[in-house]
Amino acid sequence: MSTDPAQPTPSRWWHFADRLGATASFLCAVHCALLPFVLALLPVLGLGFLASHAFERGFVLFACVLALLSLVNGYRRHRRPLPLMLALPGLALLLLGIALIDGPSVALHSTLVTCGGLLVASAHFSNLRLDRLHGHVHGPHCAH
């Protein structure tokens, strides 16, 4: 069976998903770390929506779903647990930070989501690296 090189393969899609997840997680961490300092500037720049709790909740939920899908798929390809071991505590920190979004401490919320975002971004970068180094592991689940 021949494949068209112009046609994206499922592996290429997962590489894109990992890159998107790594970028989104990193941007989330930067957003959470810098938001307390630039809150006053966002409306002036027309970016006031970035300060809303609804945007943050939606962004974190999107990052969590994307991370789980791409990292589990990466594990199925390279069978290395490191990305998942980085992502699971990161996702827990993100979700805990979102649960405390209206809590008494903005600093605690910012710290939790920043650390969680950095862990999830690290998991995506690790997944990309492992996929590049080890690629596909042949086993009984292979279709070829």
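## Surface and model

Accessible areas come from the Shrake-Rupley method with a 1.4 Å probe, and for residues only the protein chains shown count as cover. On this basis the protein exposes about 8600 Å², and carbon and sulfur atoms supply 73% of that area.

This is a predicted model, in which local features need pLDDT of at least 70 and side-chain atom pairs count only at pLDDT 80 or more, while totals for chains, interfaces and linings use all residues. Residues are numbered from 1 along each chain as its sequence is written, and side-chain values use heavy atoms, with hydrogens and water left out.

## Confidence

The average pLDDT (the predictor's confidence in each residue, from 0 to 100) is 78 for the protein. A score of at least 70 is reached by 72% of the residues. Confidence is lowest in helix H2, residues 42–45, with a mean of 66, and highest in H4, with a mean of 94. Where pLDDT is low, the predicted coordinates should not be read in detail.

## Overall architecture

The protein has 5 helices and 0 strands; these elements are DSSP runs numbered from the N terminus, with helices (H or I) of at least four residues and strands (E) of at least two. The pattern along the sequence is α-α-α-α-α.

The protein has 144 residues, and 36% of them count as buried. Buried means under 20% relative accessible area, exposed means over 50%, and partly exposed lies in between (1.4 Å probe, protein chains only). Of the contacts (heavy atoms within 4.5 Å) between residues at least 6 apart in sequence, 73% join residues at least 24 apart.

## The nonpolar core

A nonpolar core is a set of buried Ala, Val, Leu, Ile, Met, Phe, Trp, Tyr and Cys residues joined through side-chain atoms within 4.5 Å. The largest one here has 12 residues: Val60, Cys64, Ala67, Leu71, Ala87, Leu91, Leu94, Ile98, Ile101, Val113, Val120 and Ala123. Helix H3 (53–78), helix H4 (82–99) and helix H5 (106–134) each supply at least two residues of this core.

Leu71, in helix H3, is buried at a relative accessible area of 1%. Leaving out residues up to four places away in sequence, Leu71 touches Asp18, Pro83, Leu84, Ala87, Ala123, His124 and Asn127. Ala123 belongs to helix H5 and is buried, with a relative accessible area of 0%.

H3 has 26 residues, which at 1.5 Å a residue should span 38 Å; its end C-alpha atoms are 37 Å apart, in agreement. The expected span is 1.5 Å times one less than the number of residues. Buried residues of H3 include Val60, Ala63, Cys64, Leu66, Ala67 and Leu71, and also Glu56, Asn73, Arg77 and His78.

H3 is followed by Arg79, which is found in the loop between H3 and H4. Arg79 has a positive phi of about 60° although it is not a glycine. At 37% relative accessibility, Arg79 counts as partly exposed.

## Helix H4

The 18 residues of H4 should span 26 Å at 1.5 Å a residue, and the end C-alpha atoms are 26 Å apart, which agrees. The buried residues of H4 are Pro83, Ala87, Gly90, Leu91, Leu94, Gly97 and Ile98. They cover an arc of only 125° around the axis, which puts them on the same side of H4; the arc is that of the directions from the helix axis to the C-beta atoms. An α-helix has 3.6 residues a turn, so residues three or four places apart point the same way.

The face of H4 turned away from its buried side carries the exposed residues Met85, Leu88 and Ala99. Ala92, also in helix H4, is partly exposed at 45% relative accessibility. The C-alpha atoms of Ala92 and Gly116 are separated by 7.3 Å, and the two residues are 24 apart along the chain.

## The loop between H4 and H5

Leu100 lies in the loop between H4 and H5 and is partly exposed, with a relative accessible area of 31%. Not counting residues up to four places away in sequence, Leu100 touches Leu108, His109 and Leu112. The C-alpha atoms of Leu100 and Ser110, 10 residues apart along the chain, are 9.6 Å apart.
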